[in-house]
Amino acid sequence: MNTKDQVAKGLMLPIMEAFYTIQGEGRFTGHPAYFIRLGGCDVGCVWCDVKESWEAGKWPVLSIEQIVKEGLNHPGRLVVITGGEPLMYDLGPLTKMLKEKGFTTNIETSGAHPFSGDFDWVCFSPKKFKKPHPSIYEQANELKVVVFHKSDFDFAEEHAALVNSSCEKRLQPEWSKAEKFTPIIIDYVKNHPTWNISLQTHKFMDIP
Ligand code: SF4
């Protein structure tokens, strides 16, 4: 099977970077985690802080065996699959292998492609720039909306109305607008207590 076919089956994946750090955002904030950042994204957020991830062809394509083997070099057994937009790929084979090796599997996704994979925690962060695929709403354990503009509160509520009833809801100020929006988010959450606040704590700690 050639590389293109193996990527199509999720047996090989383009890896922009993979590193062991502390999860800075959302439900697993503060937990040590191995991040696997897949190359490729067609969502196009204007404020994206990993624009270099967009072009999948720029990144080395590794077998899922290699990806998992590198993850096993670190003591933590929490893995976060992110991007780019990781659901551009079939994540079934990679997550199956990670779970067989004892990893807890998390994903950070915009939900813009059909859901795949076996995940213990699904962080769904919808973006205005590409509509989510309907398959994400039932899967989401956490809805994390990045607030960059005041219209993002309405956008957050639109998606909150679609996720399953156990989904945790968080608002996160976009880093460059945090000074302006953090106080507004604090007021919003106090008045809409089904929401929590997520901060990009890794940026305060100056870690990746
Ligand atoms: S979905 Fe993520 S990687 Fe893609 S453009 Fe938006 S912020 Fe960047």
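Predicted model: local features only at pLDDT ≥ 70, side-chain atom pairs only at ≥ 80, totals over all residues.

Me: Where is Cys 48 found?

Reply: Residues are numbered from 1 along each chain as its sequence is written. Strands (E, at least two residues) and helices (H or I, at least four) are DSSP runs, numbered from the N terminus. On that basis, Cys 48 is found in the loop between E2 and E3.

Me: Is Cys 48 buried, exposed or partly exposed?

Reply: With C-beta atoms placed from the backbone, a residue is buried if 20 or more other C-beta atoms lie within 10 Å of its own, exposed if 12 or fewer, and partly exposed in between. Cys 48 has 15 other C-beta atoms within 10 Å, so Cys 48 is partly exposed.

Me: And Cys 41, is that buried or exposed?

Reply: Cys 41 sits in the loop between strand E2 (32-38) and strand E3 (61-63). Cys 41 has 24 C-beta neighbours inside 10 Å, so Cys 41 counts as buried.

Me: Which residues are joined by a cis peptide bond?

Reply: Look at the loop between strand E4 (78-82) and helix H3 (92-100), where Gly 84 lies. The cis bond has an omega of about 15 degrees, and the residues joined are Gly 83 and Gly 84.

Me: Is Asp 206 buried or exposed?

Reply: Asp 206 is in the segment after helix H7 (201-205). Although not a glycine, Asp 206 has a positive phi of about 60 degrees. Asp 206 has 6 C-beta neighbours inside 10 Å, so Asp 206 counts as exposed.
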